[in-house]
Amino acid sequence: MTQLPPPSAKKLGLVIDLDTCVGCHACVISCKGWNTENYGAPLSDQDPYGAAPSGTFLNRVHSYEVQPDQGAAQLIHFPKSCLHCEDAPCVTVCPTGASYKRAEDGIVLVNESDCIGCGLCAWACPYGAREMDAKEGVMKKCTLCVDRIYNENLPEEDREPACVRTCPSGARHFGDLGDPDSDVSQLVAERGGFDLMPEQGTKPVNKYLPPRPKDQEPEIDILAPYLEPVAEDGKGFAHWLDKALSSLPGGAQ
Amino acid sequence: MTHHQPDLDTSPKVSDEVRKTTCYMCACRCGINVHMKDGKVAYIEGNKDHPVNKGVLCAKGSAGIMQHNAPSRLRAPLKRVGERGSGEFEEISWEEALTLATDWLAPIREKHPEKLAFFTGRDQSQSFTSFWAQGFGTPNYAAHGGFCSVNMAAAGIYTMGGAFWEFGQPDWDHTKLFMLFGVAEDHDSNPIKMGIGKLKERGARMIGVNPIRTGYNAVADDWIGITPGTDGLFILALVHCLMKAGRVDLDYLARFTNASVLVNEDPKSEQFGLFLRDSDGEPQVIDRRTGQLAPWNGQGVEPDLAATYRAKGISHRPVFHLMADRYLSDDYAPEAVADRCGIPAQRIRAIAADLARVAFDEAIELDREWTDFRGIKHDKMVGRPVSFHAMRGISAHSNGFQTCRALHTLQIILGSVETPGGMRFKPPYPKPATAHPKPHCKVTPGQALDGPHLGYVQGPEDLCLNDEGDPIRIDKAYSWENPMSAHGLMHMVISNAHAGDPYKIDTLFMYMANMSWNSSMNVGGVHNMLTDKDENGDYVIPRIIYSDAYSSEMVAYADLILPDTTYLERHDCISILDRPICEADGIADAIRWPVVEPDRDVRGFQSVLCDLGARLGLPGFVTDDGSQKYEDYADYITNHIRRPGIGPLAGWRLGENATLQGGRGDANGGQLESYIKNGGFWLAHVPENAAYYKPFSMDYQNWAVEMGCYDVPQPYIFQLYVEPLRKFQAAAEGIGTRQPPERLRGQIKATMDPLPIWYAPFEDGHVDPVEYPIHALTQRPMAMYHSWGTQNAWLRQIHGHNPLYVPTKIWETNNFQEGDWACVTSTHGSITVPVAHQASLNENTIWTWNAIGKRKGAWALDKDAPEATKGFLLNHLIHELLPPKGDGLRWANSDPITGQAAWFDLRVKIEKAAAPEESQPVSPPIKSPVGQGPDELDWKVGE
Amino acid sequence: MHPAPSVIIFTTFSGLGFGLLFWLGVGALVPTGLSAFIWFAIAYIFAVGGLLASTFHLGHPERAVKAFSQWKTSWLSREGICAVATLIIMALYGAGLVFAGARIGIFGWLGAAGAIATVFTTSMIYAQLKTVPRWKHWTTPALFLVLSLGGGALLGGQVIEALILLLIASSLQFYAWVTGDTRLAQSGTDMASATGLGHIGKVRAFEPPHTGTNYLMREFIHVVGRKHAQQLRIIGLGLAFALPLLFLLLPFNHIFAALAVLSHVAGVLTLRWLFFAEAEHVVGLYYGKR
Ligand SMILES: Nc1nc2c(c(=O)[nH]1)N[C@H]1C(S)=C(S)[C@@H](COP(=O)(O)OP(=O)(O)OC[C@H]3O[C@@H](n4cnc5c(=O)[nH]c(N)nc54)[C@H](O)[C@@H]3O)O[C@H]1N2
Ligand SMILES: Nc1nc2c(c(=O)[nH]1)N[C@H]1C(S)=C(S)[C@@H](COP(=O)(O)OP(=O)(O)OC[C@H]3O[C@@H](n4cnc5c(=O)[nH]c(N)nc54)[C@H](O)[C@@H]3O)O[C@H]1N2
Ligand code: SF4
Ligand code: SF4
Ligand code: SF4
Ligand code: SF4
Ligand code: SF4
Ligand SMILES: [Mo]
């Protein structure tokens, strides 16, 4: 099972828009909530009310500050979960076959009842997308909400990942990145979606949309002043006002 | 093929049942689907049909399950047995608790109802709690608005009959340029995020004005890292540029604002600065059709912005002239304000040009006919697709009221309020100040108050002053110190009660406000006030009753605790009489209902008030035979009638022939059931032709009356010039019988200008800006709600402590390194806290996340919790009074008009400090009445 | 990487154990009877003990048998198979020596090859990881092998072989450090590629996703102070190679030999600690840490 299946035509994944993510952590918590109740063991928390609380999360939001050569520094919120790589090193290293990539849609999963908790798959993942649950001793990772997206007990409109459903700003998109005509593929094409750490050769399915250029005044006619005064003094303004008003409807003149 | 994969059930059962109710972790009040398994709460997600959140949910909302299961939850009523502040309590029965409360309160009501101060924090049932307080007869009631954002609310209501958040929102579907001032999270937080998402999807532009570039401001296309407290100046410079270039919507200004109303121009006249009115009291304009005077609302009148009027030797000029006089002045030129605002003049000009370009050159039109209140038909709706939104960043300053007014003025001169692409009101707004009640404060022992406590004053005659001219209210709301304090001043209650100024009280009764911690200024001082004893050894504030659901810092300071349920265990109503959940396209209200029963001896606070109200015999809470009128809050919600046909909920009311209808109607015993069936809310859509121009549109006005927003249509025009402000100013100039005390005349004259002005934040004048050169701010973390959620096991992992963020210049000057600590000092105190570097920050500003710091012993947390050892509150540095100046008097650290707490005026200095063991100052630990939370959590219900 | 005692003990002792088994297998020493029993016992205690130690860090050691299934792709699986096969073959070989006093050559040679394969597969668990550029290099298996064989030789009293192998190991180690120190920087993976934000400007981590710690940070982010690392490197080299070499060069003496082994083991433990502690996992970049 540890062998990767032949590349599937359907490549389900997420597209995350770094231009839109406001860093609210809503996706982090809805993921925690859904996956605590569903797929496999609950995501446990150690010392939850103590001095060093620490728990299992499948999706975490970082933030980075980027200083351009010119102009103000920018801040970018950066959610990250499993990227469901096509060449998933986490799968091939797994000694038990617990880690596998689904042949039909490319989702990378851990079969918890086979997992010995050796941690090697987490070592092999460049993205920090796998976390060992300290209570259960098994590897946890984003399931792409495989128990939602096909779930016939959910209304059709809810068959999407919990994090996508909850994201208030709509920064997360879910779809088939194997289909060039899908909404997500189009979005990636339009906005120049990119891979994280492409040099690692993992071929992530998830894509990130770059922040749009910031702090750029729209192009204005440099020859004209920003706003031409109607008059240089108050009197002139009053005169202008009279004239301007007469061109409006309802005038007596 | 050697690839095998296990069989996976991709359609597991999700839950046994979904119960739809309303979230409570902030004022946004999103709809939630609570998934139940085995009768327990299993998972919470957003309700897709809900008008507010349309399915999305924030981190706090999703973590509601941890909120509900929190080990910090109180278990039973508590009676204090140790010293106040120690946290030593014994659990008592409800009967004992309610008897005690009745024994304390009944005698007060008989003799001095004002000796009860009832203040209710971030109460979402204010129309009910105020009704209770009114029945009790005390004038001393308010909720948290005074320390929150009353500047924004009051400036909006006085200027245009509504503000942002529950009052209004940008037209997210049409706007092309959106400017956001001073917002980290907002009351309308999910809709803002959804709105930003919509802008991004359409590629519309967003400008963030904020000293700090995080969150919304981080995704803004342009960031203006303004110097705190100077937004008014920046906005008025934009107004200057736009007016100077004539890039204002003259037609809109003439028709729909009081820019055309005539003002008395004679300094010698008693009426100086007031409107010219006809015998009916209606403000006058010149009708362009006739060149003659006409009432502003006369049928067919075309008000003139230019024409002046002279009668009996007194000249009257339209407001627009006064605006031109003021804002065309070079005092407001970008070059004159650039340094103070920290924004280059060129950039201000560029933004003004953008606003003008988008508003006028990229105007949009909707093919919808509508008729205005003058009977004039308009065949289309012209949109100015620029929109604005603002919150506490401009509101929580001592110049906040005028700054908010300036912003509203900017939107209005662009013609973008209530036009497509601009800012839109949410029913029951728009509602002008004159359509709101005035404040009431007449106390009669043993009787109800003469009317609702809070409202909108129209002049000195409406102030809450006694015959000596002293404040009637304990918080001094509606006094000369802050005449337009529309939400009261919760932040002054403890310090005034302690000082006995204006008088001593007997019982402080509070609900849902952590007043000994993150919602107080001068935290240590407040601890002393709450525990201070007089010469007889009695507490200076004799009795404190408090309702909380959790073991918060405030619990330790009460004598009697009435433990509340969680939001999933009680009835609640988010009423149109209060702060509803409406959207620009619809009127809506909602309920909460017990989706689970409490597993402990706690009761919904509102139901407790129904009981207590009956025990005290309060009017409205007993039937004619003296028995309890409302069995519980659900009963009240269903059966209370406020005005004929109007009750707490507008949905599914009983019409004639027992039909169910929205808006008006009789009480319907099955109303709550209907709500539950509909997902917990009721929604009626605004008709298309009434969707814009609401204040002026007869189509809207008539619909609003039908819905019960008000009883008669009340169209109005925007008040660029706020006459009531002028009345206070005139009083300060010596006009009229009600006169301010001498010491306040100067302040009132200077600040209560009827046209928006800017003045420096008060702290700048009381504190040496050279010694304290740095501005210190807080921001709300999106994933945490004040103290409310900080003990939440999931969220506290995200925000377990809060560094102080320092900009590059200060970082380098002080040679800070990662892991360093700094001592931050204001004139009031100092704190020693961990620092971190942020480059995307105004160079003279430092900041931290609000209310992450916790006190040891609170919230069922370990005493070494990072919240207590590394986390901290900035509040230690902020005092409710400013340091004395020449006159030796201490001025409130509040806006002089509304009394809004000026949290963000704070100035400090900073220096590197040796790392202490814990953040300083350390408050002594309190004893936890609920023990400590478990060591491990793997919450999963069901199999 | 977190220098977990279980993996340090595992790699160190199983390396020594399989090293010794190698020398036994090739017949460099051919003890019989009780002496054979003792030699094999030592080798097995080291090899099996190390392997057992490695199961301590498993979340579900009771499922360990599942780990043999994925030999087609997983080095960990391969290692398990090699280890068990080697131990079985060498048990047969050892039984011959202990009970029959006979050396069954084929088992010996097979076992020796198995021991090498085991150590090699162990090393490949680390060397395969592109995520840890310091490890992803031929020096990792080379060093594991040379150390294992050298240590085994030392343990087995093969003085000349030990001398040569330890000398090679020390220079290999030195070379691994020198080249390893820059390998992350040369790997092409940095904060810019991790975030894809490099085209805007210089990327710096601002706020981590949680104020507390988490599994990833505990497991992958372990920053050793530079000075501290230098000292440990010197200590490691001294204990693992210099001292044992010195003892070996002195006239043979059982106490010296024992000291040489002890010193070597302590040295290898130090080197292994450094092997993990100094290894930078690229995930640290997301946290702005190495
Ligand atoms: N997650 C979460 N949501 C909440 C709350 C919460 O605690 N947590 N609280 C709720 C409550 S009670 C409220 S009142 C709202 C408040 O919602 P916001 O008003 O968004 O709250 P603050 O975090 O106080 O944000 C103040 C913002 O103003 C900026 N600011 C400060 N001074 C200035 C200035 O002079 N000029 C400008 N332009 N900006 C300035 C600060 O940098 C900060 O970004 O949020 C509500 N929603
Ligand atoms: N430095 C600084 N200080 C500030 C601000 C700032 O920007 N900077 N912002 C100010 C503002 S805008 C506000 S609104 C205040 C907020 O401050 P507070 O109004 O004090 O808000 P919280 O601390 O969130 O919560 C109040 C209490 O409500 C309790 N509670 C939670 N749920 C329930 C319930 O269901 N029932 C009952 N009975 N109680 C419950 C909580 O346990 C807590 O003790 O803080 C103010 N303080
Ligand atoms: S929910 Fe959406 S906006 Fe919020 S952090 Fe996640 S991706 Fe970003
Ligand atoms: S992101 Fe990591 S865990 Fe997910 S498939 Fe890629 S390598 Fe595996
Ligand atoms: S931790 Fe589990 S899933 Fe990961 S490699 Fe080990 S056995 Fe496979
Ligand atoms: S797809 Fe599901 S499992 Fe993956 S991050 Fe989103 S919510 Fe979590
Ligand atoms: S914004 Fe969040 S906390 Fe506030 S009501 Fe909505 S879901 Fe609840
Ligand atoms: Mo607030």
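This tour goes from a ligand in chain A to the interface of chains A and B, and then to that of chains C and B.

The model is a predicted one, in which local features need pLDDT of at least 70 and side-chain atom pairs count only at pLDDT 80 or more, while totals for chains, interfaces and linings use all residues. Residues are numbered from 1 along each chain as its sequence is written, chains are lettered from A and ligands numbered from 1 in the order in which they are written, and side-chain values use heavy atoms, with hydrogens and water left out.

**Ligand 5**

Select ligand 5 and show the residues around it, among them Cys94(A), Cys115(A), Cys118(A), Cys121(A) and Met139(A); a residue belongs here if one of its heavy atoms lies within 4 Å of the ligand. This shell holds eight nonpolar, four polar and no charged residues, where Ala, Val, Leu, Ile, Met, Phe, Trp, Tyr, Cys and Pro count as nonpolar, Asp, Glu, Lys and Arg as charged, and the others, Gly among them, as polar.

**Chain A against chain B**

Next, select the two sides of this interface, to which chain A brings 94 residues and chain B brings 102 residues, contact being heavy atoms within 4.5 Å. About 8000 Å² is buried between chain A and chain B, with 58% of that area given by carbon and sulfur atoms; buried area is the accessible area (1.4 Å probe) that two parts lose on being put together, summed over both.

Nine salt bridges are counted between chain A and chain B, each a side-chain nitrogen of Lys or Arg within 4 Å of a carboxyl oxygen of Asp or Glu. To see a salt bridge, select Glu160(A) and Lys48(B), whose side chains meet at 3.4 Å, N to O. Helix α1 (residues 26-37) of chain A gives nine residues, the largest share of the side of chain A that touches chain B; helices (H or I, at least four residues) and strands (E, at least two) are DSSP runs, numbered from the N terminus.

Then move to strand β2 (residues 45-46) of chain A, which pairs with strand β37 (residues 936-937) of chain B in the antiparallel sense over two bridges, pairing being called if DSSP finds at least two bridges. Here Asp45(A) stands opposite Leu937(B).

**Chain C against chain B**

Finally, select the contact that takes nine residues from chain C and 14 residues from chain B. Chain C and chain B bury about 840 Å² between them, 47% of it on carbon and sulfur atoms. Highlight Phe206(C), Glu207(C) and Thr211(C), which supply 58% of the area that chain C buries against chain B, more than any other three residues. Between chain C and chain B the count is zero salt bridges.
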